[in-house]
Amino acid sequence: MELGVWGNAALLGLLGLLIGSFLNVVIHRLPKMMERQWAAECADFVAQTENNSAALEGPTETVARAVESFNLWAPPSRCPSCGHAVRWHENIPVLSYLWLRGRCSACKSRISPRYPLVELATGCLFFFCGWHWGLTLTTAAWCGFSAALMALAFIDWDTTLLPDYITLPLLWAGLIASALQWTAVPLFVSVMGAVAGYLSLWTVYWAFKLVTGKEGMGHGDFKLFAALGAWFGWPALVPIILIASVIGAFVGIGMKFASQLREGGYIPFGPFLVGSGLAAMVFGPEAILQGLLRSLGL
């Protein structure tokens with residue numbers, strides 16, 4: 001039975017709600033998994049050095065245990081306040097949050113509204129992809145793009161980390177999608193976008209560091225911008241970086257006046273690159289640049 005454009009989009013929107021629920025797990029656990037692995041590797045290195053052992057050739061048993069004991073699948077989700085195990089009917093995207101009125105069913109502690117917002121945002125992005133491209137491989141590619149950016153935005157905001165586990169596959173996926181003609185970006189333009197995206201922020205980073213002696217951004221920003229270049233091509237890089245910079249500046253100024261800046265007076269740049277990249281997917285890079293120029297009276 002043909003569901004039509006809106007029916008297909010609605011199905012993808014429901015899938016997006018489920019993916020958004022999983023993204024909440026990724027956002028929370030992936031940085032902790034990385035920290036545990038780093039700690040275990042450091043401990044193993046110290047132990048090997050103290051024992052005058054040969055250099056490690058691969059992950060040791062300690063590292064493996066650290067990764068296996070805490071990952072995206074285990075242990076099951078629990079309330080951080082009381083340890084109550086989240087049951088399946090308490091984990092239905094958006095609906096469970098509304099039914100529980102945003103509180104744990106056991107201890108009644110408040111659940112962050114960010115969880116349903118991530119689910120809703122992912123559902124809306126998947127719905128848009130289904131409505132715009134139908135049930136196609138292009139839709140699958142852009143849905144994956146949307147999910148990856150959602151995870152990166154919140155991980156970076158929380159931890160100032162942009163994990164290679166997500167940025168590098170996102171970069172390669174953009175190049176592969178271009179090569180297979182799942183996007184409208186020719187392969188050469190995609191490759192040049194990846195190169196230009198990385199080198200542009202890499203150059204800014206080193207120029208800023210040479211002048212001030214400080215690091216103005218993390219290396220993950222280079223990789224994320226390179227990934228956006230792979231997905232949209234090099235001509236889209238200027239509007240994307242302009243939108244991200246302008247919005248980031250306004251948010252930073254607002255947070256400074258509200259005394260909400262973190263120690264050191266910085267905010268992560270990744271979420272603004274993500275917002276600009278998603279806007280480029282929905283409206284097109286040229287449209288967002290024209291909108292910015294109009295809003296600035298130019």
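The tour goes from a helix pair to aromatic rings and then to some backbone details.

This is a predicted model, where local features need pLDDT of at least 70 and side-chain atom pairs count only at pLDDT 80 or more, while totals for chains, interfaces and linings use all residues. Residues are numbered from 1 along each chain as its sequence is written, and side-chain values use heavy atoms, with hydrogens and water left out.

**Stop 1: two helices**

Select residues 187-212, helix 7, and residues 219-232, helix 8. Helices here are DSSP runs (H or I, at least four residues), numbered from the N terminus. The two pack at an angle of about 155 degrees, and their axes are 7 Å apart. Axes are lines fitted to C-alpha atoms over the stretch in contact, and angles run from 0 to 180 degrees between N-to-C directions. Helix 7 and helix 8 are therefore roughly antiparallel (angles over 145 degrees).

Now show side chains. Which residues of helix 7 and helix 8 make the contact? Among them are Gly193, Gly197 and Tyr205 of helix 7, and Phe222, Ala226 and Gly229 of helix 8. Contact means heavy atoms within 4.5 Å. The contact residues divide into 10 nonpolar, six polar and two charged. Ala, Val, Leu, Ile, Met, Phe, Trp, Tyr, Cys and Pro count as nonpolar, Asp, Glu, Lys and Arg as charged, and the others, Gly among them, as polar.

**Stop 2: aromatic rings**

How many aromatic pairs does the structure hold? There are 14. Rings of Phe, Tyr and Trp (its six-membered ring) pair if their centres lie within 6.5 Å; planes under 30 degrees apart are stacked, over 60 edge-to-face, and the rest tilted.

Select Trp6 and Phe127. Their pair is tilted, with 6.0 Å centre to centre and 35 degrees between the planes. Trp6 lies in helix 1 and Phe127 in helix 4, so the pair ties together parts 121 residues apart in sequence. Trp6 is exposed at 58% relative accessibility, and Phe127 is partly exposed at 28%. Buried means under 20%, exposed over 50%, partly exposed in between (1.4 Å probe, protein chains only).

**Stop 3: backbone details**

Most residues other than glycine have a negative phi, and most peptide bonds are trans. Select Ala74 and Pro75: the bond between them is cis, with omega near -5 degrees. Pro75 sits in the loop between helix 2 and helix 3. Val94 lies in that loop too. Its phi is near 65 degrees, a positive value, and Val94 is buried at 15%.

Conventions:
Angles under 35 degrees count as roughly parallel, over 145 as roughly antiparallel, 65 to 115 as roughly perpendicular and the rest as oblique.
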